[in-house]
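Subject: Handing over the structure

Hello,

Here is the structure I promised to pass on to you. Please open it beside this email and keep it in view while you read.

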Amino acid sequence: MADTALVDPATGLTQAQLAARHGLRVAGERPSLAEYSRRLWAYRHFIAAYANAKLVASYSNAKLGQIWQVLTPLTNAAVYYLIFGVVLEQNEIPNFIAYLTTGLFIFNFTQSAVLAGTQSISGNLGLIRALHFPRASLPLAATLTQFQQLLASMVVLIAIVLVTGEPITLDWLMLAPALLLQAVFNAGVVMACARMGAKAGDLKQVMPFILRTWMYGSGVLYSVTLFTRLPEWAATIIQYNPMLVYIELARHALLEQAPVLNGSLVQLWLVALAWALVTGIGGFIYFWRGEQEYGRG
């Protein structure tokens, strides 16, 4: 009886056959990866506009507005310099001010993107339930917003590097590809965190502790040569820490005498490229597999 009820008496076809004949699909069905990528590319202008709107809105209630994009990392750098540069006297690092500021600005790019991306789905349920669009647009917009903030920070960072006595060299040109690789890496991490944050609302409470631990293991506040004192297996793990890699590439681009961890500069670039490709593609696929879940329940 159940099968008979599913057959249309006029055509003699089941509901599934009727749907196939007229090109109907299940509401919210996940498209193929290629089709999803095509749709996401079609929404690139929306992603850019949404990222710009979020950037402007984030400082709309502050009197100094977007100046806080620069003041926040500068304030953090001043505090950490007081602790590590003055109190703990990290004098073995040439130009410690530029060394510290570079690490902070580069790490802050990833940290801010991950924190924003973790809530990019759970914080936009109204938009998700009202409109049909590739949900990956939201974590990518969060990444783009932080990338725009990074560009403002880079202007300040370069000024600090120059004021502290570093010369302009051709190595500075390598900062651009290093930041682009980090942006791809960030996008993958953000999309993965966005899906996990959509399922577990408590993740946004835990993430600051994870990021703080990550910062201490990335040589942001002190010389990376300290890691050579660790057991060999621990030093090897830290050597392939993606944030340490991207921070080291930025320091090697801007500073003449940045301390070097084990390994060559070529190895750093290969590891940076591998992290960007694996994390960027892996994060995108992981997020795509949960596309039909977002906004449900």
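Below is what was found in it, going from the whole chain to single residues.

**How to read the values**

This is a predicted model, so local features need pLDDT of at least 70 and side-chain atom pairs count only at pLDDT 80 or more, while totals for chains, interfaces and linings use all residues. Residues are numbered from 1 along each chain as its sequence is written, and side-chain values use heavy atoms, with hydrogens and water left out.

**The whole chain**

The protein chain holds 13 helices and 0 strands. Helices (H or I, at least four residues) and strands (E, at least two) are DSSP runs, numbered from the N terminus. Of the 297 residues in the chain, 44% count as buried. Here buried means under 20% relative accessible area, exposed means over 50%, and partly exposed lies in between (1.4 Å probe, protein chains only).

The accessible surface of the chain comes to about 15700 Å², and 65% of that belongs to carbon and sulfur atoms. Such areas come from the Shrake-Rupley method with a 1.4 Å probe, and for residues only the protein chains shown count as cover. Among contacts (heavy atoms within 4.5 Å) between residues at least 6 apart in sequence, 78% join residues at least 24 apart.

Two of them are worth a click.

- Thr102, found in helix H6, counts as buried because its relative accessibility is 0%. Leaving out residues up to four places away in sequence, Thr102 touches Leu157, Ala250, Arg251 and Leu254.
- Gln146 lies in helix H8 and counts as buried, at 11% relative accessibility. Apart from neighbours within four places in sequence, Gln146 is in contact with Phe109, Ser112, Ala113 and Ala116.

**Salt bridges**

How many salt bridges does a search of the whole structure find? The search finds 5, where a salt bridge is a side-chain nitrogen of Lys or Arg within 4 Å of a carboxyl oxygen of Asp or Glu.

In one, Glu293 pairs with Arg195, with the closest N and O atoms 3.7 Å apart. This pair links distant parts of the chain, since Glu293 is in the segment after H13 and Arg195 is in helix H9, 98 residues apart. Arg195 is buried at 9% relative accessibility, while Glu293 is partly exposed at 32%.

In the other, Glu293 pairs with Lys199, and here the closest N and O atoms are 3.8 Å apart. Lys199 also lies in helix H9, so this pair ties together parts that are 94 residues apart in sequence. Lys199 counts as exposed, at 54% relative accessibility.

Elsewhere, salt bridges that share partners join Glu35, Arg38 and Arg39 into one network. Within it, Arg39 and Glu35 have their closest N and O atoms 3.0 Å apart. These two are 4 residues apart in helix H3 (residues 33-42), which means about one helical turn separates them. Arg39 is partly exposed at 26% relative accessibility, and Glu35 is partly exposed at 24%.

Leu273, Leu277, Val278 and Ile281 make a nonpolar surface patch of about 370 Å². Patches are made of residues with over 30% relative accessible area and no salt bridge: like charges are joined within 9 Å, nonpolar side chains (Val, Leu, Ile, Met, Phe, Trp, Tyr) within 5 Å. Leu273 lies in helix H13 (residues 265-288) and is partly exposed, at 39% relative accessibility.

Leu180 is found in helix H9 (residues 175-199) and is exposed, with a relative accessible area of 51%. The C-alpha atoms of Leu180 and Ala276 are separated by 9.1 Å, although the two residues are 96 apart along the chain.

Best wishes
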